[in-house]
Amino acid sequence: MLHLPGNSPMEREMSILRNQYRHENRGSSHHVIRVMEEERDWLASMEAKINTSPKFLNKSAGKETCCIFRVPESLVEINEKAYQPHIVSMGPYHHGKDHLKVIQEHKWRYLRSLLFRTKPCGVDFKDLFAAIASMEDKIRECYSETIEFSSRELVEMMVLDGCFVIELFCIVGRLVPGDLDDPIFSMAWVFPFLTRDLLRLENQIPYFVLQTLFELTVLSSRREQNPPILAKLALEFFNYMVQRDVKVLEGYYNLQRKHLLDLFRLSFIPCSQEKTREANQFLHLIPSAKKLHLAGINFKPRKATSFLDVRFRNGVLEIPTFTIDDFTSSLFLNFVAYEQCYRHCSKHITTYATLMGCLINTPADAGFLSDHKVIENYFGTDEEVARFFNVVGKDVAFDIHNNYLSELFEGVNEYYRNDWHVRWAGFKYTYFDSPWSFLSAMAALILLFLTMIQAFFAGYGYIRPPHSN
């Protein structure tokens, strides 16, 4: 009988094993190829990440040119509304958001009015576009985040936002006639919100953009001997919300500034520069207002051009009256945020916030300072004022050894630690704090005095009895 290959059970089994081996080897080679491809893709992605620059915080964010930042999340968590624009966007961070489109439409209307006056002088939109386009790289360096907008989009945004601000300043400064029916001015709620939005850290455009557009649109169309100054118009515009003497502002027209928030912040800093002093290991923060008062330190409102001009002498803490309301509270938070992000500026507002945070520890402290005219409260209850100053300095970097109030902190602490001052203050507040305690103390003194006189005469009569005739 003829046996064909593979007909026996053993041969069939060997054939099956060979096929299985080939199949396993083929799967293994496919697996090796797949692993190699995955490793190659992973290495390529790693190389791409290594060569990618940071987007959310540029590597150039620490340079002096970078001055417009996203507010740190630690501060946003405390009061998010204080840093977000409510009705108008300036610059790229909040551009295009739905709730800001109402004023966005009016920007084009303001630009049209501005160009209507500049065209006879030979300045058209193309000239504005070309001037800003030439400084695109410089504009991008001002922002801590990578700006994803194209060149045309960014330049259009800068021209539109900048011209809107300039026209707004010109109307308020009465350089050009305004429309009484303009909703930006005729609707009571719009202007306060708009003013606040122009002073939010994330809602800024570089000041050199404003200055360039101002020169092209305003100065080119005017021939006065004393042309208007952009800083003057800006400070007088915001002065409607804080109401300072215009003469006070004159010293701040020519300062170097980064944007509108920085300009307004600089206008509050006293002429004396921030002092640097040698570190003192015993220097620390001061107690609350009520505790200082019980230790004999008096509080007195000080007449000054800036709320930052605080003095301490002869046991009296002189603090200029600080008006707190919705505008100043928002402004204050953005000042502090800017000083925390931009290392090339002084820390005056942060220092003042720390001082007030020390003095106002409880609602009773806030009420005490209000009674002494140190705080003018249009913000809310004493509890709300205390809460505000408690959180404004929270998670904020502060160098107690290097600030303009370091000598004040040291002087107050030395006075507070003096036992004689504490005992004398305790005596005064025990016996002379109110009319009733004063009357009680006087009655006790009179009674003591009469008792001493009676004892004297009794003793005198015993020692020298009267002579009988």
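1. Basis of the note. The model is predicted, with local features needing pLDDT of at least 70 and side-chain atom pairs counting only at pLDDT 80 or more, while totals for chains, interfaces and linings use all residues. Residues are numbered from 1 along each chain as its sequence is written, and side-chain values use heavy atoms, with hydrogens and water left out.

2. Cysteines. The structure contains zero disulfides, a disulfide being a pair of cysteine sulfur atoms within 2.5 Å. For Cys 67, the closest cysteine sulfur belongs to Cys 142 and is 4.6 Å away, which is too far for a bond. Cys 67 is buried at 2% relative accessibility, whereas Cys 121, at 41%, is partly exposed. Here buried means under 20% relative accessible area, exposed means over 50%, and partly exposed lies in between (1.4 Å probe, protein chains only).

3. Salt bridges. A salt bridge is a side-chain nitrogen of Lys or Arg within 4 Å of a carboxyl oxygen of Asp or Glu. By this rule the count is 15. One of them joins Glu 167 to Arg 117, with the closest N and O atoms 2.7 Å apart. This pair links distant parts of the chain, as Glu 167 is in helix 6 (residues 151–172) and Arg 117 is in helix 3 (residues 101–118), 50 residues apart. Helices (H or I, at least four residues) and strands (E, at least two) are DSSP runs, numbered from the N terminus. Glu 167 is buried, with a relative accessible area of 4%, while Arg 117 is partly exposed at 28%.

4. A buried pair. Asp 197 and Arg 200 also form a salt bridge, at 2.8 Å from N to O. Both Asp 197 and Arg 200 are buried.

5. A pair within helix 10. The side chains of Glu 236 and Lys 232 form a salt bridge at 2.9 Å, N to O. These two residues are four apart in helix 10 (residues 230–242), so they are separated by about one helical turn. In general, an α-helix has 3.6 residues a turn, so residues three or four places apart point the same way. Glu 236 is partly exposed at 21% relative accessibility, and Lys 232 is partly exposed at 31%. Elsewhere, salt bridges with shared partners connect Arg 302, Asp 309, Arg 311, Arg 313 and Glu 318 in one network.

6. Helix 10 as a whole. This helix has 13 residues and spans 19 Å from its first C-alpha to its last, close to the 18 Å expected at 1.5 Å a residue; the expected span is 1.5 Å times one less than the number of residues. Its buried residues include Leu 230, Leu 233, Phe 237 and Phe 238. The buried residues of helix 10 pack against helix 6, helix 8 (190–197), helix 9 (207–217), helix 11 (246–249) and helix 12 (260–266). Just after the helix, Gln 243 has a positive phi of about 55°.

7. Asp 365 lies in helix 16 (residues 363–371). A polar atom of its side chain is 3.0 Å from the backbone nitrogen of Asn 361. Apart from neighbours within four places in sequence, Asp 365 contacts Ser 288, Ala 289, Lys 290, Leu 359 and Ile 360, where contact means heavy atoms within 4.5 Å.

8. A buried glutamate in a loop. Glu 202 is located in the loop between helix 8 and helix 9, and is buried with a relative accessible area of 3%. Its side chain reaches the backbone nitrogen of Val 71 at 2.9 Å. The side chain of Glu 202 also makes a polar contact with that of His 94 at 2.8 Å. A polar contact is a pair of N or O atoms within 3.5 Å; within protein, one must be able to donate a hydrogen and the other to accept it, and residues adjacent in sequence count only if both atoms are side-chain atoms.

9. Positive phi in loops. Lys 373 is not a glycine, yet has a positive phi of about 65°. Lys 373 sits in the loop between helix 16 and strand 5 (375–377) and is exposed at 53% relative accessibility. Asp 395, also not a glycine, has a positive phi of about 55°.
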